Amino acid sequence: MGIFEKYLSVWIALAIVAGIVIGNAAPGLVGAVAAAEFASVNLVVAVLIWAMVYPMMVGVDPGSLRDVVRQPRGLLITLAVNWLVKPFTMAALAVLFFEHVFAPWIAPEDAAQYTAGLILLGAAPCTAMVFVWSQLTRGDANYTLLQVSVNDLIMVVAFAPIVALLLGITDISVPWETLVLSVLLFIALPLLAGIVTRRRLGDDDAITAFQARVKPYSVIGLIATVVILFGLQGQVIVAQPFVIGLIAVPIVVQSYGIFALAYAAAFALKVPHRIAAPCALIGTSNFFELAVAVAISLFGLTSGAALATVVGVLVEVPVMLTLVAFANRTRRRFPA
């Protein structure tokens, strides 16, 4: 790993602090960024999201779907967790905590916004960081790529319907046009661009070298996005730090619960550790770049839904690092 990936949690922490400082010291600058919108999509954030998503999409190889017959169990676990369990448990936890457990401290309208943000997180599996988690657990790199590729392809058609269903259940109106536009802008088009780039580069060595060159831009895009989002929420965070802690609770519960479910299923099905660990981590991880983008498009840059997805960014890295450590300690309990 490069210095950016190795100390990512440090950079994110510094970005959060920088965003909060800027949000309180220069509200006019933050307001100017917020005003740069077209068709409900913030242009500055759109560029940064593309910087994060595009390098990962270059690694997506639709042709690799043929290899699923070799080791289907790990992929089936990931797909079942990502699309049959995770979105619905996240919605249930959000409703449980925000409408019941935390009801004395959170206004109903704010609870609805936070619930919407967590639903977006739960319905957006996998991120480019999955490859880092896989590497840290000595996972099978090719199989990890296969799982990410399949999930990205499914996400193109499944993300919008699942989010609309769950947001409808929680009585939140969904502007379908904006949601579909976000899926096209932040998944379908980067995926198409990645496939075109792969074809132009040709061989695997050229693709790997290209990804290595553009990967720093992905991390820089993430850090810059965190600065902007925490800048927009800076005054709220300073005024209501307790709310940030409340939002983090269901995210942490969901993360550890989903990992336990997927890891236990892999153990029961005797999946080799090089596949079991990444499949559980992929199921746990969120495509928070997409969740943040859609939250901004649907509810606005300064919304509670956007804040909830940003808290997901804050929580994910340290939580995933603890899960990586646990997976490495339990390696010998799985088939080689």
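Let's start with helix α12, residues 241-268: its 28 residues should span 40 Å at 1.5 Å a residue, and the end C-alpha atoms sit 41 Å apart, so the two values agree. This is a predicted model, so that check is on computed coordinates. Just after α12 comes K270, with a positive phi of about 55 degrees.

Next up is helix α13, which covers residues 273-284. Its 12 residues reach 16 Å from first C-alpha to last, close to the 16 Å expected at 1.5 Å a residue. How many residues of α13 are buried? The count is 11 of 12, which leaves the helix mostly covered. The buried set runs H273, I275, A276, A277, P278, C279, A280, L281, I282, G283 and T284.

## The overall picture

Zooming out, the protein has 15 helices and two strands. There are 336 residues in the protein, and 54% of them count as buried. Take the contacts between residues at least 6 apart in sequence: 86% of those join residues at least 24 apart.

## Holes inside

Rolling a probe the size of a water molecule over the atoms shows where empty space is left. Here the count comes to three cavities of 30 Å³ or more. The largest cavity has a volume of about 50 Å³. Of the 11 residues that line this largest cavity, L222, T225, L229, V292 and V313 are the closest to its centre.

Which helices supply at least two residues each to that lining? They are α4 (43-58), α10 (204-232), α14 (288-299) and α15 (304-329). Helix α10 gives the most, with four residues. By type, the lining of the largest cavity splits into nine nonpolar residues, one polar and one charged.

## A closer look at A111

Is A111 buried or exposed? Its relative accessibility is 4%, so A111 counts as buried, the cut-off for buried being under 20%.

What is A111 in contact with, once its neighbours within four places in sequence are left aside? The partners are F98 and I106. There is also V95, 16 residues away from A111 along the chain, and the C-alpha atoms of these two are separated by 8.3 Å.

Definitions and conventions. Residues are numbered from 1 along each chain as its sequence is written. This is a predicted model: local features need pLDDT of at least 70, side-chain atom pairs count only at pLDDT 80 or more; totals for chains, interfaces and linings use all residues. Side-chain values use heavy atoms; hydrogens and water are left out. On a 1 Å grid over the protein atoms alone, a cavity is a set of points where a 1.4 Å probe fits but cannot get out, and a pocket is an open set with protein on both sides within 12 Å along at least five of seven lines; lining residues have an atom within 4 Å of a point. Grid points are joined across faces, edges and corners, and a volume is the space filled by probe spheres set on the points. Ala, Val, Leu, Ile, Met, Phe, Trp, Tyr, Cys and Pro count as nonpolar, Asp, Glu, Lys and Arg as charged, and the others, Gly among them, as polar. Buried means under 20% relative accessible area, exposed over 50%, partly exposed in between (1.4 Å probe, protein chains only). Contact means heavy atoms within 4.5 Å. The expected span of a helix is 1.5 Å times one less than its number of residues.
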